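Subject: Structure handover and notes

Dear colleague,

I am passing on the structure below, together with my notes on what was found in it. Please read the notes with the structure open beside them.

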Amino acid sequence: MTLLEISDLYAYHGQLAAISALDLTVEEGQTLAVIGANGAGKSTLLRTIAGVMPAGAGSIRFDGRDITRLPAHHRVAAGIALVPEGRRLFPSLSVEENLLVGGYRRRPGPWNVDRVMELFPWMAQRRRQSAAGLSGGEQQAVAIGRALISNPRLLLLDEVSLGLAPVVVRRIYQVLPEILRAGTTALLVEQDVAQALRVADHVHCLLEGRTVLRGRPGELAREQIERAYFGVDARRQPAAAPGGSGSADASDPAGAGDPAGASDPAGAGDESGAIPRQAGPNPAGSGASEPSASEPGPAGAGPAGKADEEVTG
Amino acid sequence: MAIGDALLARARDIPVRRAGRSTRWTTVGLGLVVVVLAYLPYVAYTTVTDRLVDFLMLLTMATMWNLLAGYAGLVSVGQQAYVGLGAYAVLQLSDWGVQPYLGVLLAAAVCTVIALPTSLLAFRLRGDYFAVGTWVIAEVYRLLIVRDGDLGGGSGRSLTTLSGLDHTLREALTYWVALAVAVLALLGCYLLLRSRLGLALTSVRDNETAARSAGVDVRRAKRVVYLVSAAGCGSAGGVLLVSSLNVHPDTAFSVQWSAYMIFIAVIGGIGYLEGAIVGSIVFFAVQEIFANYGSWYLILLGALAVIGAVWLPRGLWGELRARTGAQLFPLRYRVDTPVTAATPVPVER
Amino acid sequence: MAWVNAVVQGILLGGLYALFACGLSIVFGVMRIVNLAHGDFAVLAAFLAYSVADATGLGPFWAGVIVIPVLAAVGYLLQRVLLQRSLGVGPLATLLATFGLSVIIQNVLLQTYSADARALDIGRLASASLRISGQLSISYLALITFVLAVVVLVGLQLYLSRTRTGRMLRASSDDPEAARLVGADSRHLYGIATSIAFATVALAGVMFAMRSSFDPSIGPTRLIFAFEAVVIGGLGSLWGTLVGGMVLGLAQTVAGQFDPALTLLAGHVIFLAVLAFRPQGLIPARST
């Protein structure tokens, strides 16, 4: 059953379209990962679904109901919870109070304060402590717990790994399956592509607000993801970009292939030499030759490393 | 490198200026208005110029408040501090033998000097708290003046040094001084906003964080505006004294002055120099028409302020400008040839 | 002994100031705005209580009991109809709108009730006092006001820390957007914050009107005292507001002991001194 259905969605930061003509569906029980470079519109997408950012055009349907214009708090009541980028805990509230506030519009379901504290045992002893005094990883755990307590049907996770040590990230991703086993559908945004591919059933890659690739992690070739991530395709075929027709579906092998033969890494490298002649803005331009250069390593490790540097720098 | 040079060369050839042909005409028009106004005492009754003194005084104050709120984002409910201090400065200077009309200009300097340490305290408060803080500070100055017996204490005092002048001449001189102060205030604001500092202020108004990261010294820019605003209000206070010839601490330091400044700026349009002029004219007309209705007139003004602030935040001038693009004081840069990405500009070299 | 008396009176007066101030503090904490008509609504409440007492023959206390919920409802409506809209317009709009409101209220009261000073007649209680020694006596009314202030502050503190809505108000004060993400209806929350502010300031206005005379023009001074209490005590801390009110009251009564003309000035000077040397206030938030 389709839980979330987004069609032809646009969202704007001022004049700039952060999301254009986006179509996306999430089936009940599925875990969908949205990947993409900095500024691809991933966070905007989640914020638009959660209702803290207005949709410019298009529609969002949740469980068959049109929620495009629904205020954020009604969406929480309907079963959508967002773990926002940067945790955004309430610093003057204690750990326990942060969780309690998460249950403000609690739906019936398995999650409550005690259950979250079972999931993260350290919380019980530190329940009275101010949330501001926690480490980044601990804050992330509270933020996840805060979202869970509303018993969402759809859990939106925005950059859970951002700014955290690799060990901490691994630990958080260890608990994630346990959370999702309860039947929660998840839509997660990650710059750490390797991590995202590991937990997700489906991957959706955004570039400059448009879908450029989607499919099951197992069916996508590494080069395909790299190209989509950095937009080599989009640059080579400017005519294909408008209207989202540049998107490729992995289930359709013909669509995934690049007629110009960009699967040749050298070709992609040559392409980057042409950038100065192109008029369009190109944030990922400097990284275009990177995937082909970083030949060894797991899929997506190159882009992820690159992206992390950009965030922390 | 080559591309950058080529772009720069292109940019040099695109005419960018502030004044268009229409603004040149409005400059001439404004000059004419000032000349006509200056000539008025020769042809009009003193009752007319008398009312105009009030108008010009309010215009000066509103221009200063508008500068403060519209360009530095500082909402003050305490500008009456400088109106009062300006009036008392002229009184004190006249006691020391300074000609009161000269004193009106000196009052600006006195208020600037007082405003500097005041700003150190007031700037510790932000946003809405700044507004109330300035109000408290104005109260403090009033209470201090009340304690000064030489200046008349709590019952006020008269300015006697002008009584030797012929009545008509005194009225005319007062009018000219008021006109000069108002013109200087508007011109001063205009030049200030056209300067580098004006650019900094505009950037602060549009996005303070971005301005800060671009290297704008936000605090300094705001402080300069605060000082200028104090100077202008000080002179307006001086005009208040030389036109009414007596001063009472409760009137001179009345929050009413801030109320008028706010009403005028809100009605005319905050953040537009023209807004203060339009607002003053409307305010004055409302005052003339409804003055006999006592507090109903203030209720009406209050309602206009509420409606203006919430439903018409750009004010009358802002609405007019949004529809027609009119501007009396050319502050924005404009590109004469419309340049877009779609129409390449030939390199004329 | 006169000094001890001044100190005791000052502390008790501080309770009243804290009562005026706590609403200001809560609204600023949650919405980051100052209602410049805050003091005028206190005066409005006093006049309404006066009229209710006059029309029904009820005592001022009962008139207050009627007026306070009325003002709370007015606060909620005002937030939903006017302030919420102004929040969306820009940072200046709320200040300007509430300033306009202040002028409107003052002049409507002037039209309706004239500029004459009035007082709420509480009969014998006005002069009854607890005699401790020859020079030191504590007026029952001042004591009642102080106790009421403490009860209100404790109640507010409990409300903010123990109830679901109270917690959400604090959360929203920390981060309004994150609060919306966990289900806060900001407009309703802001309405609640405003109605709390109006109820407390109405109580303050009625208590004030029992101890001294009032007229339509005194609102702004009440706002200033409330504001000073908040800043002296430290932004965002209710106990700080009580301490701030007491410091302000003390400064006024002790200075008044020297020279009655110094009363107001001393309060302002203390405020400016705190601003200069301890801008975070005497008891800043997050010390609990």
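UniProt positions are given here in the numbering used in this email, with feature names shortened, and the annotations may be inferred rather than shown by experiment. With that caution, the unreviewed UniProt entry lists as "transmembrane region" residues 25-45, 65-90, 102-123, 173-193, 224-245, 257-286 and 293-312 of chain B.

The model is predicted, and for that reason local features need pLDDT of at least 70 and side-chain atom pairs count only at pLDDT 80 or more, while totals for chains, interfaces and linings use all residues. Residues are numbered from 1 along each chain as its sequence is written, chains are lettered from A and ligands numbered from 1 in the order in which they are written, and side-chain values use heavy atoms, with hydrogens and water left out.

Confidence in chain B

Within chain B, helix 4 (residues 80-95) has the highest confidence, at a mean of 96, and strand 4 (residues 334-335) has the lowest, at 56; helices (H or I, at least four residues) and strands (E, at least two) are DSSP runs, numbered from the N terminus. Over residues 337-349 of chain B the pLDDT stays under 50, and the model has 10 contacts (heavy atoms within 4.5 Å) beyond four places in sequence for them. Where pLDDT is low, the predicted coordinates should not be read in detail.

Chain B and the annotated spans

Chain B holds 15 helices and four strands, and of its 349 residues 52% count as buried, where buried means under 20% relative accessible area, exposed over 50%, and partly exposed in between (1.4 Å probe, protein chains only). Among the contacts in chain B with a separation of 6 or more, 81% come from residues 24 or more positions apart.

For chain C, the unreviewed UniProt entry lists several spans as "transmembrane region", including residues 6-28 and 90-110. Residues 6-28 of chain C are 100% helix and 0% strand, with 32 Å between the end C-alpha atoms, whereas residues 90-110 of chain C are 86% helix and 0% strand, with 31 Å between the end C-alpha atoms.

Aromatic rings and charges

Rings of Phe, Tyr and Trp (its six-membered ring) pair if their centres lie within 6.5 Å, and planes under 30 degrees apart count as stacked, over 60 as edge-to-face and the rest as tilted. By this rule there are 21 aromatic pairs over all chains. One of them is the tilted pair of Y42(B) and W176(B), at 5.8 Å centre to centre and 50 degrees between the planes. This pair links distant parts of the chain, with Y42(B) in helix 2 (residues 21-43) and W176(B) in helix 7 (residues 167-194) of chain B, 134 residues apart. Y42(B) has a relative accessibility of 59% and therefore counts as exposed, while W176(B), at 27%, counts as partly exposed.

The pair of Y129(B) and F227(C) is edge-to-face, because the ring centres are 5.3 Å apart and the planes stand at 70 degrees. This pair crosses between chains, from helix 6 (residues 127-146) of chain B to helix 9 (residues 219-233) of chain C, and both Y129(B) and F227(C) are buried. In chain B, Y82(B), F123(B), F130(B) and Y226(B) form one aromatic cluster.

A charge sits over a ring if NZ of Lys or CZ of Arg is within 6 Å of the ring centre and within 35 degrees of the ring normal. The charged end of R115(A) sits over the ring of W111(A), 4.5 Å from its centre, and that of R164(C) sits over the ring of Y104(A), 4.2 Å from its centre.

Single residues

S25(C), in helix 1 (residues 2-31) of chain C, has a relative accessible area of 6% and is therefore buried; leaving aside residues up to four places away in sequence, S25(C) touches V230(C), G236(C) and T241(C). D63(A) has a positive phi of about 55 degrees although it is not a glycine, and D63(A) lies in the loop between strand 4 (57-62) and strand 5 (65-66) of chain A.

With best wishes

Conventions:
pLDDT = per-residue confidence, 0-100.
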